[in-house]
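Reader: I'd like to learn how to read a model like this one feature by feature. Could you give me the general idea each time, and then the case at hand?

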Amino acid sequence: MIAVEDLVSGYDDPVLDGVSMSIPEGEFCLLVGPNGSGKTTLVRHFNALLTPDEGTVTVDGTDVSERPVAARTSVGMVFQRPRDQFVAATVGADVAFGPENLGLDREEIDRRVGAALAAVDLDGRADERLDELSGGEQARAAIAGALAMEPSYLVLDEPLAGLDWPARESVLAHLDTLHAEGTGVVVVTHDLRDLHERADRVVGLRDGRVVLDDVPETALDEVAALGVRDPRC
Ligand SMILES: Nc1ncnc2c1ncn2[C@@H]1O[C@H](COP(=O)(O)OP(=O)(O)OP(=O)(O)O)[C@@H](O)[C@H]1O
């Protein structure tokens, strides 16, 4: 479980103002809220990319601030602009980077890279340059990089933005597979289309506070107040 308790955090000004919420193992959770409500700031705490000013964040019982490497192994993160998270020039080298840093042997690294690329339909393209891929292909490469870590939880910030229909369908299918296999999936989004019916739960933030935490069926009645269109309308 990812457990956030009384989290206060910010940059120059406070952004998260006493957030408590949890994401059980294997849950598919949508995180919604208006621009600037603190969604990205919150998920960056899940693997210790930010440090709380107050409160705690634990993953499977371990405080992420005390063991950030363990948190980054358990919680995979795919950011809004995939280009910002690439560390290598080619697809294969980038996807291998995480497993290499775990100190895995070459055979296991190759197995993970192959499986992760296949999962996003990029198999056979390991030698291609990332800067020569389309935006949608880059988004899929970024997801492959997170998958290769075989995380217990995968957090994706607007993963469908800018994807064409086949890429969107491909990413959604992979989220379904991961969820079915027991990976916790957290999607930060303003657009619930194709997502609300997959989710177990919707958590809504406003002004750095949790103002909604419900199953999708009833949460959808309240999302309009959070700057999100009810996908049933
Ligand atoms: N690196 C940063 N330095 C300073 N302020 C920041 C930084 N990142 C975010 N903020 C501020 O924190 C607040 C919350 O930002 P955050 O990105 O968490 O919101 P969000 O809910 O994810 O928004 P959006 O829907 O627009 O992506 C905003 O006011 C933003 O300007």
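Predicted model: local features only at pLDDT ≥ 70, side-chain atom pairs only at ≥ 80, totals over all residues.

Reader: What about a whole helix? How many residues of helix 5 are buried?

Author: Helix 5 is mostly covered, with 11 of its 13 residues buried. Among them are E137, R140, I143 and L147. For the geometry, compare the end-to-end reach with what 1.5 Å a residue would give: helix 5, residues 135–147, reaches 18 Å from first C-alpha to last, close to the 18 Å expected.

Reader: Now sheets. How do I read the strand order, and which order does the six-stranded sheet have?

Author: Strand numbers follow the chain from the N terminus, while the order of a sheet lists its strands by position. Here the open sheet of six strands runs 6-7-8-3-9-10, with mixed pairing. Its edge strands are strand 6 (75–78) and strand 10 (209–214), each pairing on one side only. From one strand to the next, the twist averages 20°.

Reader: Which strands inside that sheet run parallel, and over how many bridges?

Author: Take strand 3 (residues 28–32) and strand 8 (residues 184–188): they run parallel and are joined by four bridges. If you want a residue pair to click on, L31 has V188 in strand 8 as its bridge partner. Strand 6 and strand 7 (residues 153–157) also pair in the parallel sense, again over four bridges. There, the bridge partner of V78 is L156 in strand 7.

Reader: And how do I tell whether the faces of a strand are covered?

Author: In a regular strand the side chains alternate between the two faces of the sheet. So you check the two sets of residues separately. For strand 6, V75 and M77 lie on one side and G76 and V78 on the other, and all of them are buried.

Reader: What about the other sheet: which order do its four strands have?

Author: That open sheet goes 2-1-4-5, with antiparallel pairing. Strand 2 and strand 5 (62–63) stand at the edges with a single partner strand each, so one side of each has no neighbour in the sheet. Strand 1 (residues 2–10) and strand 2 (residues 14–23) pair over seven bridges, and a hairpin of three residues joins them. Within that pair, S9 stands opposite L16. At the other end, strand 4 (residues 54–59) and strand 5 pair over two bridges, and V59 has T62 as its bridge partner.

Reader: I always look at backbone torsions. Which residues should I flag for phi?

Author: Most residues other than glycine have a negative phi. E150 is in the loop between helix 5 and strand 7, and D194 is in the loop between strand 8 and strand 9 (201–206). E150 is partly exposed because 17 other C-beta atoms lie within 10 Å. D194 counts as partly exposed too, with 14 C-beta neighbours inside 10 Å.

Reader: Let's get to the ligand. Which residues are around it?

Author: The shell consists of Y11, V15, G33, N35, G36, S37, G38, K39, T40 and T41. Sorted by class, that makes two nonpolar, seven polar and one charged residues. Helix 1 (residues 39–46) supplies the largest share, three residues.

Reader: Last one: what does the UniProt record say about residues 2–232?

Author: The unreviewed UniProt entry annotates residues 2–232 as "domain: ABC transporter". In the model, that span is 32% helix and 25% strand, and its end C-alpha atoms lie 30 Å apart.

Conventions
Residues numbered from 1 in each chain as written. Pairing = 2+ DSSP bridges. Near = placed C-beta within 6 Å. Nonpolar A, V, L, I, M, F, W, Y, C, P; charged D, E, K, R; others polar. UniProt positions renumbered as here; feature names shortened; annotations may be inferred. Axes fitted to C-alpha atoms, helices over the stretch in contact; angles between N-to-C directions. Expected span 1.5 Å × (residues − 1). Buried ≥ 20, exposed ≤ 12 C-beta atoms within 10 Å, placed from the backbone.
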